[in-house]
Amino acid sequence: MTGEELLKLQESQVFRKTTMDATINEFVPESDTFKITDAFMPFKLVSEDEILVLIEHGAFGKTNPVNLGSEHKRVALPGYGYREHTAGHWRESIEFNEKVLAKAVNPKQPRKLWGSGLQANALNVLDIRLNNLIEYLSSKILIDHTYSEARWGVNYTYDPQIPAKFKVDVTSSPPWTSGGAWSNAAAATPITDLIRAKEQMARYGFLMTQVWMSEKTLIDFMESSEVQAKINNSPSLIDSETNRAKILLTLTGLVLQEDVRRYAEETTFTAASAIGDTTLNVDDATEFTAGDEITLRNSSGQEEQATIASIASNVLTVGAITKAYAIGDRVTVYKPFFPEDHFVLKGAGSTRMAPNNWYSTPSLIKGKSWTNPLPGKYTWNKFDTNVPYKLEIGAGIDGGPMISACDWFTVKTV
């Protein structure tokens, strides 16, 4: 690889911005990539960075009568308010060194095809990571009703101020009599909890038709003494015992949406670790918790599993490791998009007002100029033609969930 060859690679058609943007937007996501987003806050392109959202507080009545020729009633809207939201900004890149770049230049190919595999593979990885981000933020809003970022110099919080009544914990004075934690099979009353939660939302004008939960939460439901007693006393349920969705529908009237998908949280070593070490210094341990089973992977392709015993700042304590790791080696853990020990009821309300959406806001990078910002996923590249040669391929998106009115009910089950 020479500087001249790198310049030729830079001039290749595949590294033009229009080509790269087209590439990342042509990837077809898996059918359930945006399962939560599509159901609760569908993706939408918007033209403004500052978004005014009409916040709904249930001010839905019915029109008053009027005598012909008389004054009609004028309705104030004290239950409404406008709130301004600023979008989040999300982007990252993959950097290629000389060793990789040398393989990207093949003189036997037409010059316009140089680097096409490198470009497509990089954008494919970045696109998957962007899709995971979109779905992760949707899940955070669904479960926590807010999300915050305090990494890489960012200090950003999105809080749509969803009323507290839309989230309860069965172990902490819910508005109905509960048997408590679902993990306690003998005492738990998951059928009661689901039915009472559905009734609670009916009081707020919502007809709940679906229940969303993880595999672990569904197992807690099925193994509870309350559910097992119903199954044992009903031949029709015994016949369908392997069909958990049918059992849940029969007992609660709710259609099951089970979410078992996972994504990888990751960090990197900030100090070398030798064989036998029990403490791992990492770049960012924010998304890791004690008890997580993590994968350690070094630059030679070797990997091993370890379980986090404790975390202090960005230091992970594990059992003695069996391989050596250098600065920059990876640590990953798989987390569920839909967290365990929760269920969410989803239904329809009586309003046609502003919906909840995952807004993609305009980006200067996407628009290619200061005067024409555009929404959607965007890409860029940066060639360093000075030694050591490098190529950076990046992708990002601006935006995030914007909630007008909460139309779901979140229940913690432990």
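This is a predicted model: local features need pLDDT of at least 70, side-chain atom pairs count only at pLDDT 80 or more; totals for chains, interfaces and linings use all residues.
Close-up 1. Asp398 sits in strand β20, which runs over residues 390-402. Look around it and you'll find Gly88, His89 and Trp90, then the run Tyr359, Ser360, Thr361, Pro362 and Ser363, plus Tyr378, leaving out residues up to four places away in sequence. Ser360 is 38 residues away along the chain, yet its C-alpha atom is 5.8 Å from that of Asp398. As for His89, its side chain makes a polar contact of 3.2 Å with the side chain of Asp398.

**Close-up 2. Met222, tucked into helix α7.** Met222 belongs to helix α7, residues 215-223. With 9% relative accessibility, Met222 is another buried residue. Setting aside neighbours within four places in sequence, Met222 touches Val227, Gln228, Ile231, Arg244 and Ile247. Leu248 lies 26 residues from Met222 along the chain, with 8.5 Å between the two C-alpha atoms.

**Close-up 3. Where helix α6 crosses helix α8.** Here α6 (residues 190-203) meets α8 (residues 225-232), with axes that come within 7 Å and cross at roughly 100 degrees. On the α6 side, the contact is made by Pro190, Ile191 and Thr192; on the α8 side, by Glu226, Val227 and Lys230. Sort the residues of this contact by type and you get three nonpolar, one polar and two charged.

Note on methods:
Residues are numbered from 1 along each chain as its sequence is written. Side-chain values use heavy atoms; hydrogens and water are left out. Axes are lines fitted to C-alpha atoms, for helices over the stretch in contact, and angles run from 0 to 180 degrees between N-to-C directions. Helices (H or I, at least four residues) and strands (E, at least two) are DSSP runs, numbered from the N terminus. Contact means heavy atoms within 4.5 Å. Ala, Val, Leu, Ile, Met, Phe, Trp, Tyr, Cys and Pro count as nonpolar, Asp, Glu, Lys and Arg as charged, and the others, Gly among them, as polar. A polar contact is a pair of N or O atoms within 3.5 Å; within protein, one must be able to donate a hydrogen and the other to accept it, and residues adjacent in sequence count only if both atoms are side-chain atoms. Buried means under 20% relative accessible area, exposed over 50%, partly exposed in between (1.4 Å probe, protein chains only).
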